[in-house]
Amino acid sequence: MTTSNFDQLENELLQAIASADGLVALEDVRVTALGKKGRISELMRGLSALAPEERKAFGQAVNGLKERVGNALSARRESLHEAELSQRLTNEQADITLPPREGALSQGRIHPVSQVMDEITEIFADMGFAIAEGPDIETDYHNFTALNIPDEHPARQEHDTFYFNERDDGSRLVLRTHTSPVQIRTMENSEPPLRIIAPGRVYRCDSDQTHTPMFHQVEGLVIDEVTHMGHLKWVLDAFCKAFFEVDEVKMRFRASHFPFTEPSMEVDVGYAKVGDEIRIGEGDEWLEILGCGMVHPNVLRNVGYDPAKVQGFAFGVGVDRLAMLKYGMPDLRAFFAADLRWLRHYGFGVLDVPTLARGVSS
Amino acid sequence: MKFTLGWLKEHIETDAELDALLDKLTLIGLEVEDVFDPATELAPFSVGEVLKAEPHPDADKLQVCQVKTRDGTVQVVCGAPNARTGLKGVFAPPGTYVPGIDMELKVAKIRGVESHGMLLSERELELSDEHDGIIELGEEAETGTPVAALLGLDDPVIEIAITPNRPDCLGVRGIARDLAAAGMGKLRDDTVAHVEGSLDCPVPVELKFDPETSDACSAFAGRIVRDVNNGPSPDWLQRRLKAIGLRPINALADITNYVSYDRGRPLHVYDADKLAGTIHARMGKKGEEFLALDGNTYKVDETMCVIADDSGVLGLGGIIGGESSGCSEETVNVFIESAYFDPIRIAATGRKLNILSDARYRFERGVDPAFVVPGIEYAARMVLDLCGGETSKVTLAGEPPEAARIIEFNSSEVMRLTGLELAQSEIKEVLVALGFWLSGNGPEYRVSIPTWRPDVSQPADLVEEIIRIVGVDQVDLAPIPRIDGVARPVLTTQQKRTRLTRRVLAGRGLAEAVTWSFIPRNAASAFGGGQDELELANPISADLSSMRPSLLPGLATAAQRNHDRGLSDAGMFEVGQAYRGASAEDQYIAAAGVRSGTATLNGSGRHWSGTGKPADLFDAKADALAVLDALGYAANAQAARSAPGWYHPGQSGVLQLGPQNVLAHFGELHPRVLEKLGVDGPIVAFEIFLDVLPKPKRASRTKTALDVTDLQLVRRDFAFLVDHGVAAGELLRAARGAEKTLISDVTLFDVFTGQGVPDGKKSLAVEVTLSPREKTLTDAEIDAVAAKVVAAVAKATGGELRA
């Protein structure tokens, strides 16, 4: 093997490397040159046949050739790889305006009534109120009698109250007309001090744009030895500020009458109407939002409490109405129509969980 | 309750502005519902003076008048016969809405002559039916001034809501008393003078009751006024009645209405010449009936108190009088009744016969029993004044119930219940102004309750009186003490589960609905309900008559309604109560959902990335499992094929901890059930019974240590041939149990029937994952596990490895 032969081989191989038009062709060149039976490998094998004094120079020459060809292969491989990748990236241009599917998480909705109940719960829980519950189908006693509503009271009439058919003993069950029977059940089963709210469905024979035969109320009850009307006013004031998320809320307490409280009051909040929006805490219009009062001594007696020793307040507020005021739904009937368009529009996101730390609404 | 400001001021001397009075009324519990000032509505109408009236050139019956108005002199064409020079009438300029003709006036040519406005008749102003000519205001009317005051129509009408505990405020007098107590003026003296009769009452009065019904009418006072002239009542009275929406009839009828609204004391007047023998109150008898003043014939029964004479029933005492004995313009001798009727019987009778009358309204709430005799004195005075005649003495049968009550009152109750500290003098002042009598020097008092306040019977009632008059706004806010530094959690397990379930289901793309608790009975029956005990006696409509046994009928029909609007891919859920029976324990909380069309977790409808597949039972099963998983029960829940009849028998199942502890149903709803509901379907659904889930064990908050190695997982696939009826779940369970330490997961990745699989068989392909514990597994070890898997599957299902 002469030096010119070496040069020729090197030229040949470098030529082949340079003209390889892809990684596959380049690999073929590599095998031809450096593979087990490649030409350079064969030169190496020829080494043993040489005289010892020739071996060193020959070995150096072959190794030099091997290294240069190897380098050329690497360089070529690198550039071919780059070219291929950049070709691939050019080919892989997506239309990034194609819309992906909306995920389930963003489609699901929580009904405004549930959301508002969660908000109310969050606020009252912070003030130490537990959540009490009771049945929708109530006894006449729990819904009326125990609440100091006499037999002849107009609220008991069939055009106000849903009745079930008379039972064998002559009594009739009712669909509770308010959440107040939960007060009775709670007091019957526990001793003061008590702080509870009782959210739930209530029913009245009524149907028009602002009345539905079923709606939702939250009852509140505090019983201990010291709670008076000042506390009642404070709790409602604190609640309204937290619920409507305003620093100040104007409230007007008006004397009124409910059979189960004495003294009784109705509560208005001040608001302004700006466009379709009702802004609580601004303006000088009044809107009635709830009824409340000090628990009537007869009610306390009916559950076995001594009205000379324990006292407290109760209130009841319409949940659907609070939702309408805060979030602007115009028609109560739509709450119960299960129209997907309405649910998606007025419903709340799954992760929109009311907390006091972030604010009850986001 | 309606009244006018002028009427109120007859009872209270006050300088207060109308708005101040209204605000006070509302704050003390007499909520103002409406205020109507007729002067505002009559503002466009002013006095117009006819300067010259000349015949219309082209019409015999018309005149062309030059009318001097507040806006100068205008020409008006007028058809009234009394239109003449010098007349002062009610002028309406163009642009005015005239109520009696329901029209807005425009400048118009009448038979060729321009007319700029109109002179009005009483009918055109809706004052009366009078339309023979235009209104003549008299010379003293000042041209150009508003006519409201001249017509006596400037008295604002106030309507307030009276709570059922305040019958005393169903008379203007009572309202005035409250206002005076609240510092709005001075209550005028109202002593009703005795009217001496010049003869004995010639009509005998009697109460004919058994002892057990004698309280139906405990007192009946009567007297006669002879030789009355029962014409129309005077203008002032007619105006008042009209202002509050009552139609003037004749003087006697108007007097009874007036006393009813002025004093809350209903009366009745009879034409004495139409009475036969003794007038008496008694219980009705079956078969009796009478024609009432409202034109209806009412059948009475033995629960109703009637007024009768020897000829039979005249009317229902305290509710409505009869036509046969009523007064007319021809009445000469009138018999006046002032009686006391039992509120409860009045209410019951009124309800039974569905009669709404001012008398019933007052008697059922309780009129002042002490005003029976003063009431008849008051009425006699008015009859004599307005109709003339001569009155008899009063004849009284029975006695009104004793209404004077005394309670012990410690004024410290005010502070205890309201937190407001008031001086003794202030407390006394309020109560006295309201008509209470106090004895004692405080803080202990003996308080005598006025006869017109049936609602006051204990100290708390007095506290209410004091606080409502002093003003609830006087009570300062007082924070309730904080029980814990950081509020403790308050939700029960059930409440937490309910709330979490909602968010889980919404997180699966479902929209939460709230549907009615009552549904049509046939729908209830189709879902295992419809029992008699769950039927409403008085549903608002037949569609809302049965308490729902399940949430699904409401959701399925809601899906159909959405489908009808073009939203066919509906995914909805509800978390709420349903009813297995009427008792409290039979109410349960469920989470239920429906999916229709292609409303699946991966998206619905057509899409470039792949069209949504129709929702099937596995979507419903996945929803149910997702909830159970979130609540911690998915791992132990077994699927079984025992869903109730409202599911498709082949496409449904339950998830249970055991046969007695079913946690959920899932599957396609039965096509026949959907037909009954009028739902097209198919719809898949699930129901999760949140209150049958066992109570969670109180576990440590510390999580168990994580047990993993860095050794590579090994996966092996197996395809088994099993009989068609074999449940995949059985095979999976067998495979999982084949080797407890190494097998960490088994998933089913293929279910296949068809070519290569014999008839009656199916191929189930599973991937078994092995997690080496201490060292990489050798082929021999892997083969040993594989053999165990094959053996376990064969044993449990008879399945063989597919060749």
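**The cavities**

Guide: The largest cavity holds about 80 Å³ of space. This is a predicted model, where local features need pLDDT of at least 70 and side-chain atom pairs pLDDT 80 or more, while totals for chains, interfaces and linings use all residues; side-chain values use heavy atoms, without hydrogens and water. Residues are numbered from 1 along each chain as its sequence is written, with chains lettered from A and ligands numbered from 1 in the order written.

A cavity is a set of points on a 1 Å grid over the protein atoms alone where a 1.4 Å probe fits but cannot get out, and its lining residues have an atom within 4 Å of a point. Points are joined across faces, edges and corners, and the volume is the space filled by probe spheres set on them. Three cavities of 30 Å³ or more are counted this way.

Thirteen residues line the largest cavity, and A:Ser256, B:Thr163, B:Asn165, B:Arg166 and B:Arg468 lie nearest its centre. Strand β6 (251-258) of chain A and helix α12 (459-470) of chain B each give this lining at least two residues; these elements are DSSP runs numbered from the N terminus, helices H or I of at least four residues and strands E of at least two.

Helix α7 (residues 343-353) of chain B supplies the largest share, three residues. Here five residues are nonpolar, two polar and two charged.

Definitions and conventions: 1 Å grid on protein atoms, 1.4 Å probe; cavity = no way out; pocket = protein on both sides within 12 Å on 5 of 7 lines; lining within 4 Å. Nonpolar A, V, L, I, M, F, W, Y, C, P; charged D, E, K, R; others polar.
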